[in-house]
Amino acid sequence: TRDQLITMMVGREMTHTYPPRLAGAPGEVALELSGATVPGKVFDVDLEIRSGEIVGLGGLEGQGQRELVRAIFGVQRFSSGKMRVYGREGFPRSPSDAIKAKIAFISDDRKVDGLALPLSVSQNMILAALGKFTRYGFVNSAAEKAEVGRLIERLGIKTPSQSQKVRNLSGGNQQKVIFGKWLLTEPRVFILHEPTRGIDVQTKMDIYVLLRELANAGAAILVLTSDMLELIGLSDRIYVMYEGRIVGSMPGAEATEEKLMVLSSGGGELA
């Protein structure tokens, strides 16, 4: 069975692939979109994510999800509508604006968008939060080493040293380095595009646990994934897009592959 295969791959029994969902009510609205439009790709999207919950974004590939999440982070531009982050209104004009608004973004291509492959684990981790470690243009090496060491331990990154070039790590450990990079910015909203693509089963489990821990600590998380089982297993709520529009939503606990496929193909919600 699938569970037996996973047990053999990770070397121990996994009673639950995904951590338990949000038990109580979520917190305040962290990220809200109203009538958000990206020309030719995304049309009149209304969406909200609350503190403490993981929201999934599903649908067949190429339905506007990629453009939507990249616009939230300021990589692409919204042409109309509204966006609020913890009540503060305004679209980010750049990724720098989004980082200042405490938004983190992990793209679907870590080697192109997420990492500087020739640099070390430590250098990659501090890239998005250099201001925390520099004064008068000089890096505080002791502070850098301490913070990076703490995250390597917390995330279970397997590397011989902080100075190891990140290109020499496995795909799963590279992905954990990216998570570490963003954790150093102390974000309140996480936008994740295929966060477990191309990594081993054990690292997937570790990331699932990390995401739930972050949500339990109050983070708001939006996960765009083409893996339907992952979408169902991780999400407290799910939105589905079709041809650039949100065509339906449902609680994660009520989602099934059949319901999601009906929405993903442009059909109405199943009773």
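Author: In this predicted model, the largest pocket has a volume of about 320 Å³. Its lining consists of 15 residues, and those closest to the pocket centre are Val85, Arg88, Gly90, Asp97 and Ala101. Sorted by class, the lining of the largest pocket holds 8 nonpolar residues, 6 charged ones and 1 polar one.

Now the helix pair. Two packed helices are described by the angle between their axes and by the distance between those axes. For helix α7 (residues 171–183) and helix α8 (residues 201–216), the angle is about 15 degrees and the axes lie 10 Å apart. Angles under 35 degrees count as roughly parallel, so α7 is roughly parallel to α8. The crossing in which α7 passes α8 is left-handed.

The contact can also be followed residue by residue. On the α7 side, Gly172, Gln175, Lys176, Phe179 and Leu183 take part. They meet Thr203, Asp206, Ile207, Leu210, Leu211 and Leu214 of α8. By class, the residues of this contact between α7 and α8 comprise 6 nonpolar, 3 polar and 2 charged.

How values were computed
Residues numbered from 1 in each chain as written. Predicted model: local features only at pLDDT ≥ 70, side-chain atom pairs only at ≥ 80, totals over all residues. Heavy atoms only, no water. 1 Å grid on protein atoms, 1.4 Å probe; cavity = no way out; pocket = protein on both sides within 12 Å on 5 of 7 lines; lining within 4 Å. Points joined across faces, edges and corners; volume = space filled by probe spheres on them. Nonpolar A, V, L, I, M, F, W, Y, C, P; charged D, E, K, R; others polar. Axes fitted to C-alpha atoms, helices over the stretch in contact; angles between N-to-C directions. Helix = DSSP H or I, 4+ residues; strand = E, 2+ residues; numbered from the N terminus. Parallel < 35°, antiparallel > 145°, perpendicular 65-115°, else oblique. Left-handed = near helix turned anticlockwise from the far one by under 90°. Contact = heavy atoms within 4.5 Å.
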